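Open the structure in your viewer and keep the selection tool ready. We will go stop by stop, and each stop tells you what to select.

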Amino acid sequence: TLPKNKNFKKNKIGISRGAIYQDGKQTIYIKQSNPFIELTASRLMNLFLGTTCTPIVKTVRDEKYTNASLHLEGFQTQKAFKKQGKNVKGEAHLALVQALLGVVDQNKTNMGYVKVVSKTYLAARVDLDTSFDYSSKLRGQYNANTDYRDLKHLYSAIRKYPKNEV
């Protein structure tokens with residue numbers, strides 16, 4: 001249920017209508033999207049990658065097509081992150097899981113990193129509303145005739161990383 005107090009601020013988050021709720025201890029991002037896709041994808045991402053680098057998503061009962069995503073503590077977007085001098089882990093794992101789940105949006109504000117210990121970061125992902133899309137193309141990697149049911153974008157992700165990481 002959405003809160004009805006001053007800590008709830010409606011605004012535009014990315015391309016979706018949404019809001020940010022802060023209660024002093026945690027930040028929750030609320031947006032309109034397909035609840036089945038967002039909830040199922042988040043549970044699978046949590047299972048494959050853990051909740052340190054993928055958010056817990058819940059549906060909002062009193063708002064149709066609305067989800068609430070818990071803030072990932074320490075999340076930095078790819079766009080803002082400086083890799084130099086840092087140990088980054090899990091990029092291949094994240095890429096493979098995204099390909100398996102058909103997450104076609106590779107926007108650098110949805111992808112990023114979470115600090116786990118000093119100078120060590122895990123690849124992370126927020127915003128899962130583009131999951132299970134096996135017909136759209138990933139930015140420039142495929143042509144319009146690509147059939148994702150044959151798992152070509154999973155194969156592409158496998159080829160991108162060293163065998164020991166896959």
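**Stop 1: a buried pair**

Select Glu-38 and Lys-31: Glu-38 is buried, and Lys-31 is buried too. Buried means under 20% relative accessible area, exposed means over 50%, and partly exposed is in between (1.4 Å probe, protein chains only). These two residues form a salt bridge, with their closest N and O atoms 3.7 Å apart. A salt bridge here is a side-chain nitrogen of Lys or Arg within 4 Å of a carboxyl oxygen of Asp or Glu.

A word on the model: it is predicted, so local features need pLDDT of at least 70, side-chain atom pairs count only at pLDDT 80 or more, and totals for chains, interfaces and linings use all residues. Residues are numbered from 1 along each chain as its sequence is written, and side-chain values use heavy atoms, leaving out hydrogens and water.

**Stop 2**

Lys-31 sits in strand β3 (residues 27-32) and Asp-127 in the loop between β9 and α3 (152-160), so the bridge links parts of the chain 96 residues apart. Helices (H or I, at least four residues) and strands (E, at least two) are DSSP runs, numbered from the N terminus. Asp-127 counts as partly exposed because its relative accessibility is 21%.

Asp-129 is partly exposed, with a relative accessible area of 26%. Look at the whole selection: Lys-31, Glu-38, Asp-127 and Asp-129 are linked in a network of salt bridges.

**Stop 3: the rings**

Clear the selection. Which residue forms an aromatic pair with Phe-81? Select Tyr-121: the pair is edge-to-face, 5.0 Å centre to centre, with 70° between the planes. Rings of Phe, Tyr and Trp (its six-membered ring) pair if their centres lie within 6.5 Å; planes under 30 degrees apart count as stacked, over 60 as edge-to-face and the rest as tilted. Phe-81 lies in the loop between β6 (75-77) and β7 (87-89) and Tyr-121 in strand β9 (residues 120-125), so the pair ties together parts 40 residues apart in sequence. Both Phe-81 and Tyr-121 are buried.

**Stop 4: zoom out**

Show the whole chain. It has three helices and nine strands. Buried residues make up 39% of its 166 residues.
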